[in-house]
Amino acid sequence: MNRRNFMKAAGAAAVLGVGGWLKAVEAARKPNFLFILVDDLGWTDLGCFNSSFYETPNLDRLCGQSMKFTDAYAACPVCSPTRASIMAGKYPARMDTTDWFGAPQPDNVGEDKRHRDKPLLPARYLDRMPLEEVTVAEALKEADYTTFFAGKWHLGETAEFWPEQQGFDTNKGGWKDGAPKGRGKYFTPYDNPRLADGEEGEYLPERLAEETVKFIKGHKGSPFLAYLSFYSVHTPLMTRKELQKKYEQKREKLALEAKFGKEGAEDIRQVQELPVYAGMVEAMDTACGRVLDALRESGHENDTIVFFMSDNGGLATTRNKPTSNLPLRAGKGWLYEGGIREPMMVKWPGVVKAGSVCDVPVTSTDFYPTMLEMAGLKSRPEQHKDGISWLPLLKGKKMDRGPLFWHYPHYGNQGGSPGSAIRRGDWKLIVWYEDNRRELFNLKNDIGEQHNVIDKHPELADELYAMLHKWLKDVDGKMPTANPNAKKR
């Protein structure tokens with residue numbers, strides 16, 4: 001316990017007596033948590049992750065105060081499954097939450113023009129996070145944390161599955177939709193039943209930051225979890241006019257031009273140069289800066305652990321193809337690195353070495369047990385079955401987190417097809433279910449996954465495939481099936 005917290009607890013003793021003092025001491029030992037989750041942010045969309053076009057000074061500053069994870073992964077290449085994995089500490093395949101909530105089920109895939117004549121029917125998935133899951137928010141709430149949520153939820157159609165029913169005391173903006181769909185979309189009116197419309201011209205990421213700031217500055221007493229889950233930088237592409245103009249001028253000054261390659265049948269952006277998207281990234285960064293400043297201004301900075309993460313890779317192939325994930329391959333909706341590798345950082349004052357870098361692979365299921373251990377709480381292995389605490393990494397110790405798995409038995413709206421993958425060490429195996437084709441990559445030598453070396457390492461590929469097959473059996477992973485209406489090729 002630091003001196004400030006000890007004095008706080010000691011002061012409480014005079015008022016509360018010995019029993020109350022013990023509770024105050026226990027509360028003072030627990031850190032606050034600020035969890036920032038961005039939607040569709042690519043691995044190289046921040047300055048501190050090597051973007052030279054997007055400007056992110058606030059997150060670059062946070063990175064300098066944090067441990068930067070270079071090999072952090074989302075549990076799925078699309079949003080809802082990853083978000084559920086953070087909340088529940090389980091792989092989406094174990095919960096059957098393997099696609100974004102709202103995607104076509106196999107019996108109505110005919111309504112989807114892009115996929116209705118594909119070789120496979122996607123696996124059936126559960127379009128909500130079950131209430132039976134004890135979320136990390138519920139676990140912290142049981143330990144006297146005050147819990148706050150702002151932004152995108154997208155983990156269930158009806159109100160019974162929204163944040164208030166999943167462990168959050170306060171909910172500002174979290175409901176069924178995965179993107180702003182009200183009259184003003186990113187600008188008020190939002191037409192969001194969990195977020196009152198603001199004054200004319202109000203911009204959504206600024207509003208979500210302001211709600212989070214109000215919570216942080218107004219909170220006293222028990223430790224807190226503030227979960228800021230941006231709708232940004234998901235489509236529709238909308239930013240303030242002055243920001244778009246700024247990046248139009250920057251693009252012209254740098255003589256940047258749009259360039260596209262091919263990923264399967266899809267065009268894929270090769271250069272970060274789209275002004276409207278750059279403006280969205282900067283606006284998100286500014287909102288983060290406001291919240292981080294509020295920690296300092298309220299005296300919570302030294303007692304608060306900050307997480308920063310994205311829910312899937314940057315969108316690079318469809319709907320304006322707003323960003324490039326190079327040197328990674330593909331993007332959102334694909335099992336290649338561009339779809340699942342995320343910019344991640346963790347700030348823990350007094351514990352994490354500022355400016356440190358970790359290249360050990362970790363994944364989004366791991367936040368749950370890590371946060372419990374940080375708070376000095378008992379683990380819940382029956383709940384976070386697929387999560388492993390990487391607290392040793394944060395303390396500068398060596399650790400092998402073990403293999404990581406993905407199961408996406410669906411056709412992504414971005415061009416990806418059904419498959420599963422495993423990463424162990426530097427090696428990654430992908431199995432594509434349309435033709436049972438396998439690809440083996442050494443990510444240390446080939447981060448862009450351009451060289452399938454399965455013919456050179458058949459025994460290793462078989463070993464990884466056996467591990468993947470066993471895992472799928474253990475989690476009861478649902479598989480795609482043959483499509484009777486498939487178009488002949």
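This report walks through the overall build, the nonpolar cores and some local backbone features of one protein model.

## Ground rules

The model is predicted, so local features need pLDDT of at least 70 and side-chain atom pairs count only at pLDDT 80 or more, while totals for chains, interfaces and linings use all residues. Residues are numbered from 1 along each chain as its sequence is written, and side-chain values use heavy atoms, with hydrogens and water left out.

## Overall build

Let's start with the whole chain. The protein has 12 helices and 17 strands; these are DSSP runs numbered from the N terminus, with helices being H or I of at least four residues and strands being E of at least two. The C-alpha trace spans about 80 × 50 × 45 Å along its principal axes. The radius of gyration is 22 Å, which agrees with the value near 23 Å that a compact globule of 489 residues would have (taken over C-alpha atoms; the globule rule is 2.2 Å times the number of residues to the power 0.38).

Buried residues make up 60% of the 489 residues. Here buried means under 20% relative accessible area, exposed means over 50%, and partly exposed lies in between, using a 1.4 Å probe and protein chains only. Among contacts between residues at least 6 apart in sequence, 70% join residues at least 24 apart, where a contact means heavy atoms within 4.5 Å.

## Surface and charge

The protein exposes about 19,900 Å², and carbon and sulfur atoms supply 50% of that area (Shrake-Rupley method with a 1.4 Å probe; for residues, only the protein chains shown count as cover). There are 68 positive and 67 negative side chains, and the centres of the two sets lie 2 Å apart. Lys and Arg count as positive and Asp and Glu as negative, leaving out His and the chain ends; each charge is placed at NZ of Lys, CZ of Arg, CG of Asp or CD of Glu.

## Two nonpolar cores

A nonpolar core is a set of buried Ala, Val, Leu, Ile, Met, Phe, Trp, Tyr and Cys residues joined through side-chain atoms within 4.5 Å. The largest one holds 103 residues, and those touching the most other members are Phe 33, Phe 69, Met 284, Phe 307, Phe 308, Trp 390 and Leu 394. Helix α8 (residues 275-297) gives this core its largest share, 13 residues.

A second, separate core has 36 residues, among them Trp 432, Phe 441, Ala 461 and Leu 472.

## Backbone details in the loops

The loop between β6 (224-229) and α7 (241-253) is worth a visit, with Val 233 in it. A cis peptide bond joins Ser 232 and Val 233, with omega about 5°. Pro 236 sits in the loop between β6 and α7 too, and the peptide bond to it from Thr 235 is cis, with omega near 10°.

Asp 191, in the loop between β5 (170-172) and α6 (204-218), has a positive phi near 55° and counts as partly exposed at 34% relative accessibility. Lys 321 also has a positive phi, about 45°. Thr 318 is buried at 10% relative accessibility and touches Arg 114, Glu 266, Asn 413 and Gln 414, not counting residues up to four places away in sequence.
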